[in-house]
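Please take a look at the model below. Keep the structure open as you read this briefing.

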There are 2 protein chains.
Amino acid sequence: MKNYFSSDFKLGVLGGGQLGRMLLAETQKFDIYTAILDSSKDAPCAQICNEFHIGDLLNFDDVYNFGKKVDLLTIEIENVNIDALDKLEDEGLTIYPKPATLRIIQSKARQKNFYVDNTIPTADFLHYAYLEELKHSYQNNIVDFPFVWKSARFGYDGTGVKIVRTFEDLQSLPEGECITEKLIPFKNELAVIVARNASGETKTYPVVEMEFHPEANQVEYVICPARIDQKVAQKAQEIALKVADAFDFVGLLAVEMFQTQEDKILVNEVAPRTHNSGHYSIEASYTSQFEQHLRSILNLPLGKTESKVAGIMVNLVGEEGFTGDVVYENIEEIMKIDGVTPHIYGKKQTKPFRKMGHVTIVHENISTAREIAQKVKETVKVISK
Amino acid sequence: MKNYFSSDFKLGVLGGGQLGRMLLAETQKFDIYTAILDSSKDAPCAQICNEFHIGDLLNFDDVYNFGKKVDLLTIEIENVNIDALDKLEDEGLTIYPKPATLRIIQSKARQKNFYVDNTIPTADFLHYAYLEELKHSYQNNIVDFPFVWKSARFGYDGTGVKIVRTFEDLQSLPEGECITEKLIPFKNELAVIVARNASGETKTYPVVEMEFHPEANQVEYVICPARIDQKVAQKAQEIALKVADAFDFVGLLAVEMFQTQEDKILVNEVAPRTHNSGHYSIEASYTSQFEQHLRSILNLPLGKTESKVAGIMVNLVGEEGFTGDVVYENIEEIMKIDGVTPHIYGKKQTKPFRKMGHVTIVHENISTAREIAQKVKETVKVISK
């Protein structure tokens, strides 16, 4: 077993945003020397990692040269140059999640085909190489309103996904490869995080329930455990495991799913990394998703995924109408409430809907936690000076 | 209310050891810009704080000049130059805990007099300006073996405290101001951490029980909650609160106490900071002691001090016979056990009894947690390559 703790071992992370920042809390806990690559000198990780390198995550040379400096490479975000990862892997570097897996996940079209090939339930879809193809499809009555449009590449938290209800909506879509899905009326959006290490040890976190902001398509509340039927929860976990196994995944895989009106589970998409739907785990779980990510990529034994208490997460996103130096209005008010913990991501500038932090609410009773979460949401505001 | 989060506010911390390192996890969570002063460029905090300054904590100029750079000053360790703090405070800097309090606590003789003056129960003691005075006392039958010798200044975790049983022990004591106490046969060593903010809001953590290594005089297990009678626990909390109130304390105060054979509580000593006896709180409590320290010195509302689950802490100290580049033998073995979290402090070199890290064991059942703690203690070893 490689000696990672307080040693010369160097972990490399592509991306220095908030997910990297929360990962650093864990690499610091284990004293694992961590180098980070990000394009911005003001990235949330910039001042608090052992080594910070500036470079473009989508640039071959930047990623390749960074990879040559580290002993093991992981990602904070999946939108990275995979060609560079392939070359690094060919040259012997261990990279988790594996580049081949990232290549599939990077493209929503490839992701959907992967689900079909592996008999993983997912919403029916159509695939278009260009926007023009989609417009033809509409003219030929192959797709009809409303439908869900997804950019094939680099969709992330509300960008790259649109519900298309009218001809105007269709006209305003950006160019490029895309897929369309039928708009499915669902009961719940659920997510399950699966951890899998190189030895094949696998653990699933409890099913969480997500409530989205109606306009911004960003998660407002993540509720753990999901308040759903135990059988549905079990099915969701089984499907999440099936996805992780199909990928022969190593690392953390967040599987987002729909629970349909008929209690069917459909996989929506996956993220090959720590995920917003797992932030509650820092306070609520025996093992936070960030520690678990480290355990999985270092092939350490996986930690217990059960919760100590119920957990709810509220995203702190920039209020509409405010851009500039950030102020967290009323943060002291919410800190008066038992079991409320704010996390501030270290971004100095706010803008509408920008993810600036999150707040975790933990309580023995999930209904009480949900009430407190509502109060937190109504009280704290991310504005500018 | 001052805006601390993601702002220009700069927190200064005197000392960059493991306590500072665990504090940084919290300043990072709240995005509070943190500058640290420590004498060693290899200090556990050196690479992961926003600003790191090298200087001697006992040197007037080093402390004063550092203090002039920050908006609020706190300590990680109490052995700092108080004259510099007095001058900084005179010049308007907010310093918590207050320099006047630190001056009392720095000296075990002043601490003991303070307890007597404030009718806080403590073991009877005698005070000597020089070792020679103590030797005279012995010759004149004023003290008799066995007794406890404590250096008046800068005792820390096993240094500066000795049980004197023989004339040889007496001869081998170091020079300097000291106190002696009767050796009290006690049932338990207990500790209570009190948090108090500038507004006077006060919260106490549950009473913990400490088991010491017989030779090194270092804590081996900290058990929360202490397995003692509820009435004794309540008395211990009341006395701890009384100490904090007597100091008009701001910050975190760890009050170490003896439970005598007759269930009397005697205050042994206090630490004006986060403390080894509170490390369990990271995993077990609703609010970790490090977050609570921040809340108290920033005059934010204090967090809930109750536990989610039972917690036990095992110190990871260097094994006897090993000096050099550290290796944490069998750390993967203990990580296989549910609810076990190692914390590695980032020291590259081990030596006998050096504090290198700790392991927290959390479980719903405290007896199970204690069994696991024993197993952890027997399994993991801090050795050198």
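The model is predicted. Chain B and chain A bury about 4100 Å² between them. UniProt also lists a "binding site" in chain A, in an unreviewed entry.

**How the chains meet**

- In chain B, 46 residues are in contact with 46 residues of chain A.
- Of the area buried between chain B and chain A, 52% is on carbon and sulfur atoms.
- The rule finds 6 salt bridges across this interface.
- K203(A) pairs with D338(B) in a salt bridge, and their closest N and O atoms are 3.8 Å apart.
- Between chain B and chain A, 16 residue pairs are in polar contact.

**The chain B side of the interface**

- Five names to find here are α1 (18–29), α10 (289–297), β17 (324–329), α11 (331–335) and β18 (340–344) of chain B; these elements give two or more residues to the side that touches chain A.
- β18(B) gives the most, with 5 residues.
- By class, this side of chain B has 20 nonpolar, 9 polar and 17 charged residues.

**The annotated site in chain A**

- The unreviewed UniProt entry gives K108(A), K150(A), E181(A), K182(A), L183(A), I184(A), E189(A), N268(A) and E269(A) for "binding site".
- L183(A) sits in the loop between β9 (178–182) and β10 (186–196) of chain A.
- Beyond its neighbours within four places in sequence, L183(A) is in contact with P146(A), F147(A), V148(A), I163(A) and R165(A).
- E269(A) lies in strand β15 (residues 265–271) of chain A.
- E269(A) counts as buried, because its relative accessibility is 16% and the buried class is under 20%.
- Again leaving aside neighbours within four places in sequence, E269(A) is in contact with K108(A), Q111(A), Y115(A), K150(A), A254(A), V255(A) and E256(A).

**A covered helix in chain A**

- How many residues of helix α10 (residues 289–297) of chain A are buried? The count is 9 of 9, so the helix is mostly covered.
- The buried residues of α10(A) include Q289(A), F290(A), L294(A) and I297(A).
- Charged side chains are on the buried list too, among them E291(A) and R295(A).
- Just after α10(A), N299(A) takes a positive phi of about 55°.

Methods
Residues numbered from 1 in each chain as written. Chains lettered and ligands numbered in written order. Predicted model: local features only at pLDDT ≥ 70, side-chain atom pairs only at ≥ 80, totals over all residues. Heavy atoms only, no water. Contact = heavy atoms within 4.5 Å. Buried area = accessible area lost by both parts, 1.4 Å probe. Salt bridge = Lys/Arg side-chain N within 4 Å of Asp/Glu carboxyl O. Polar contact = N/O pair within 3.5 Å; in protein donor to acceptor, adjacent residues only side chain to side chain. Helix = DSSP H or I, 4+ residues; strand = E, 2+ residues; numbered from the N terminus. UniProt positions renumbered as here; feature names shortened; annotations may be inferred. Buried < 20%, exposed > 50% of the residue type's maximum accessible area, 1.4 Å probe, protein only.
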